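Student: I have a new structure to look at and would like to go through it slowly. Could you walk me through it?

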Amino acid sequence: MRAGRGPLTAVVALACWSFLAGGCAGPTPSGSASEEAQGVRAQGLLETVAPDAPDFVESGLERVADGVHARSALAKGRTYKVSVACVGTGTVELTLGDKAPPHSVPCDGVRASLPVQDPPDVLPVDITAAAGATGMVAWQITAVSS
């Protein structure tokens with residue numbers, strides 16, 4: 001007869017299984033569920049423009065901590081609008097072009113839009129987190145109809 005087999009082993013196994021099952025069935029990590037909800041909300045704040053619409057240029061969704069570093073090809077002679085919606089805490093800094101000053105955009109769930117007139121062939125769009133900022137940031141570039 002082996003020692004360690006019997007009712008005590010069954011109780012320990014059941015306790016371990018209960019702990020593991022409870023841990024797996026418990027709530028998802030707050031970051032992922034929260035980020036998903038923040039992302040849906042941020043995207044919902046942007047204008048609804050189909051990706052195949054003539055005025056649509058580019059859009060995206062990123063974690064605030066990851067930032068956005070896009071290079072968007074634009075046509076000369078057109079006016080564009082860059083819209084940003086951040087949902088979370090703190091602020092992000094939006095920089096359009098290599099020499100433009102950054103624009104502070106609060107992560108308060110309100111869309112901010114900036115016009116881009118006489119654009120370069122390729123417009124750098126950089127969104128970086130200010131110290132302590134968290135959440136999700138959605139962005140979109142559209143051509144302004146004349």
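Student: Let's start with Gln38: is Gln38 buried or exposed?

Tutor: In this predicted model, Gln38 is buried, with a relative accessible area of 17%, where buried means under 20% relative accessible area, exposed means over 50% and partly exposed lies in between, taken with a 1.4 Å probe and protein chains only. Gln38 sits in helix H2, which covers residues 30-45; helices (H or I, at least four residues) and strands (E, at least two) are DSSP runs, numbered from the N terminus.

Student: And what is Gln38 in contact with, leaving aside its neighbours within four places in sequence?

Tutor: With those neighbours set aside, Gln38 is in contact with Val87, Gly88, Gly135 and Met136, and contact here means heavy atoms within 4.5 Å.

Student: Before we go on, how should I read the numbering and the values?

Tutor: Residues are numbered from 1 along each chain as its sequence is written, and side-chain values use heavy atoms, with hydrogens and water left out. Since you are looking at a predicted model, local features need pLDDT of at least 70 and side-chain atom pairs count only at pLDDT 80 or more, while totals for chains, interfaces and linings use all residues.

Student: What pLDDT does the protein chain average?

Tutor: The protein chain averages a pLDDT of 82, and 78% of the residues score at least 70; pLDDT is the predictor's confidence in each residue, from 0 to 100. Over residues 1-30, however, the pLDDT is below 50, and beyond near neighbours in sequence this stretch has two contacts in the model. Where pLDDT is low, the predicted coordinates should not be read in detail.

Student: OK, zooming out: how many helices and strands does the protein chain have?

Tutor: The protein chain has two helices and seven strands, and from the N terminus on they run α-α-β-β-β-β-β-β-β. Of its 146 residues, 30% count as buried.

Student: Which strands pair with E7?

Tutor: Strand E1 (residues 56-63) pairs with E7 in the antiparallel sense over seven bridges, and E3 pairs with E7, also antiparallel, over 10 bridges; two strands pair if DSSP finds at least two bridges between them. To find these pairings in the model, look for Arg63 opposite Met136 in E7 and for Lys81 opposite Thr142 in E7.

Student: How many residues of E7 are buried?

Tutor: Nine of the 10 residues of E7 are buried, so this strand is largely enclosed by the rest of the structure.

Student: Then what about E6, which strands does E6 pair with?

Tutor: Strand E2 (residues 68-73) is joined by six bridges to strand E6 (residues 122-129), and the two run antiparallel; Ala73 stands opposite Val122 in E6. E3 and E6 pair in the antiparallel sense as well, over five bridges, with Leu96 opposite Val125 in E6.

Student: Switching topic, which residues have the most contacts inside the largest nonpolar core?

Tutor: Those are Val84 and Ile127, in a core of 22 residues; a nonpolar core is a set of buried Ala, Val, Leu, Ile, Met, Phe, Trp, Tyr and Cys residues joined through side-chain atoms within 4.5 Å. E2, E3, E4, E6 and strand E7 (134-143) each supply at least two residues of this core, and its largest share, seven residues, comes from E3. A second, separate core of five residues includes Ala42, Leu46, Ala85 and Val87.

Student: Why is the disulfide right-handed?

Tutor: The torsion about the S-S bond of Cys86 and Cys107 is about 70°, so the disulfide is right-handed.

Student: Last one: where is Asp118 found, and is Asp118 buried or exposed?

Tutor: Asp118 is found in the loop between strand E5 (112-116) and E6, and Asp118 is exposed, with a relative accessible area of 65%. Although Asp118 is not a glycine, it has a positive phi of about 50°.

Technical notes. Disulfide = S-S within 2.5 Å.
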